[in-house]
Amino acid sequence: MPHNSFRAAIPLLFAALALQASAAENDMMSASADSVSMVERTYMGSTVTVPETPADYAPTKPSWWSGVRATGSIQTEFMAPLDDSSLGIKAENYPKPVLNNTYFDFTLNAPYVSAGFRFQFTKWPLPGFEETTMPGFAGWGIPYFWVTGKYKGLQVTAGDFYEQFGSGLIMRTYQERALGVDGAIRGARIKLNPVKGVYLTALTGRERRFWKHTPDLIWGGDAEWSLNESFASAFNPQYGVTLGFSYVGKHNKRGNGDNILKTIGTDQYRLNFPETVAAFDGRISTRLKDFSILAEYATKNNDPNAVNNYIYSRGHVELLSVSYAANGFSAYVQAKRSENMAFLSDQEEQTNAFINYLPAFTNTQTYTLAALYPYATDYNGEWAYQAEVRYLFKRGTALGGKYGTNVKLSGSYIADLQNQAPVGPTPTVVNPDGTVTQLTMNPELIGTNGYSSPFWKTGGLRYADINFEISKKFSRKIQLTLFYLFQRLNYNEIFGHPTEHGNEDMVTANTFILEGQWKIARRTQLRWEVQYLTTHQDDKDWVCGLAELSLAPHWMFTLSDNYNCGVTKEHYYTAMVTFNYRANRFGLSFARNRAGFNCSGGVCRWVPASKGFSLSYNYTF
């Protein structure tokens, strides 16, 4: 061990050598001596200043830990329900004085690997998710966790995941918290990009149904080939072709080849459920300058289930979509024909075990009264058409004015298949008084091949609408939007029962909406809505008003009231304050909500009336 005095002299020796080397270098490069940069170095605990060397610019290889990142989010809402005799609500009927839905998502990303989980607390869920409406939803724990490894073109996932093949006609599992839908698959998935433009996926697992998993094992694969990417040098960027093919199979746990005795109502049936059900999907997507075309076809083997009334016919769906966009003008038209395409991971389920998804060819309405009569896709069969045209009148033109004018016109038409027998059952219906009605099945079809429908012919109307919207900015501070909606729908077929008031099967409604935005100051804006819906059926006419004051970047105050001026004479109001700070969002509200159907993308569920104070918090990190 060196003596202390020797160890103390070592830094001085290094310093002397460094100074001597520096002096020698200065003698050789006296002309540029002033331009040499000096750096500080530490030798044995002492700091000296020496000229920098090329090694000071050499990049350092980042450590694995430097690439580790944690992200996540918290979404929680508390509600204290109150009594409302007019709505038939008693706070004592709820399991707790304060109800809560909480979701916490956490993801850890690192080079080559990522992992995550979701914690969910819905033991005493909000109104609309309780046991009478969604049996099995209540609970708490970690229903979702996963690990994914990635290396070059290979990705492997174990645990829970969501997946979609093509348009989702045979495979689309997703989460929609507003509807209580969570179809995550627990199992394994492999994604592979072997060559440029080719994408392969293979998976297997069981689908989530609230806190359990459905009995049927799912497996499948998808292949997609983008010719543009594979042959980039041969393709003009304005043209493109993508081909896709998918296969999904399920093992029916109840279908072991034996006859199964099943009791439906007061009748008994012997049903032979197939042990394996297979579905196939093929599609081609092309781009021709300003045009885009998608054609897709899917088919499914016979799959008797509670939705199709336990029939044995095959299912299929055809989809065609054409769109155009250029120079401020855009348009699309699309058509879909589906027949017997309820593909479930539990054939006894009716609403919460769908493996596939059939998109609803209707507009997603964001205004309150425009969303009063939503459309629910009929998985047993329908002809659906939708078209839309948008145009921007440019600035400086007669109709564009100083700031331009946006105009949109769209429409939908959805009809039954011709000669299609009424099949079921429809979902369980929760009546406004809290009673539950289970509609019966059609016993004439159970255990048969079902029905036959001519391909090109349509049956009765299920739903039709016309949407017109014009948005105009009049100055830097004022903007107005005028919206009109015409609707004609078969209420009985869509929701499973006639209207509560009037016992009507068909409903015709006209909705008029005027929305304004006024920029009062640089950080202050007022948005308001005036809505009016008129109909001779159901609850007849409605009016709605909304005012929303935004004090950026932190505060927002909202007041709204929906008033039925036709039959019930009831007010449904909301007062809300929202505060935002960085990634935090707080919301405090008091609301009285009507009973009705909550829909998203053609999937609907019944939501009972509610009244009370709510506190919400959202945070993203």
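Predicted model: local features only at pLDDT ≥ 70, side-chain atom pairs only at ≥ 80, totals over all residues.
Let me begin with how the elements are named: helices are DSSP runs of H or I with at least four residues, strands are DSSP runs of E with at least two, and both are numbered from the N terminus. Counted in that way, the protein chain has 3 helices and 35 strands.

Residues are numbered from 1 along each chain as its sequence is written, and side-chain values use heavy atoms, with hydrogens and water left out.

Now to the chain as a whole. A residue is called buried when its relative accessible area is under 20%, exposed when it is over 50%, and partly exposed in between, using a 1.4 Å probe and protein chains only. On that scale, 41% of the 621 residues of the protein chain count as buried. The chain exposes about 31,800 Å², and carbon and sulfur atoms supply 60% of that area; accessible areas come from the Shrake-Rupley method with a 1.4 Å probe, and for residues only the protein chains shown count as cover. A contact means heavy atoms within 4.5 Å, and among the contacts between residues at least 6 apart in sequence, 59% join residues at least 24 apart.

Let us turn to the space inside. A cavity is a set of points, on a 1 Å grid over the protein atoms alone, where a 1.4 Å probe fits but cannot get out, and its lining residues have an atom within 4 Å of a point. Grid points are joined across faces, edges and corners, and a volume is the space filled by probe spheres set on the points. How many cavities of 30 Å³ or more does a search of the whole structure find? The search finds 1, and about 90 Å³ of space lies in the largest cavity. Its lining includes Tyr103, Phe137, Arg177, Asp182 and Trp211. The lining residues divide into 5 nonpolar, 3 polar and 3 charged, where Ala, Val, Leu, Ile, Met, Phe, Trp, Tyr, Cys and Pro count as nonpolar, Asp, Glu, Lys and Arg as charged, and the others, Gly among them, as polar.

Gly116 lies in strand β5, residues 113–122, and counts as buried because its relative accessibility is 8%. Leaving aside neighbours within four places in sequence, Gly116 is in contact with Phe106, Thr107, Tyr144, Phe145 and Trp146. Asn490 belongs to strand β26, residues 478–490, and is buried too, with a relative accessible area of 10%. Beyond residues up to four places away in sequence, Asn490 touches Leu461, Arg462, Asp505 and Met506.

Finally, the loops. In the loop between β19 (315–326) and β20 (329–339) we find Asn327, which has a positive phi of about 55° although it is not a glycine. Is Asn327 buried or exposed? Asn327 counts as exposed, because its relative accessibility is 64%. Arg582, in the loop between β31 (571–581) and β32 (584–593), also has a positive phi, near 55°, and Arg582 counts as exposed at 76%. Pro553 lies in the loop between β29 (542–551) and β30 (555–564), and a cis peptide bond, with omega about 5°, joins Ala552 to Pro553.

Note on methods. 1 Å grid on protein atoms, 1.4 Å probe; cavity = no way out; pocket = protein on both sides within 12 Å on 5 of 7 lines; lining within 4 Å.
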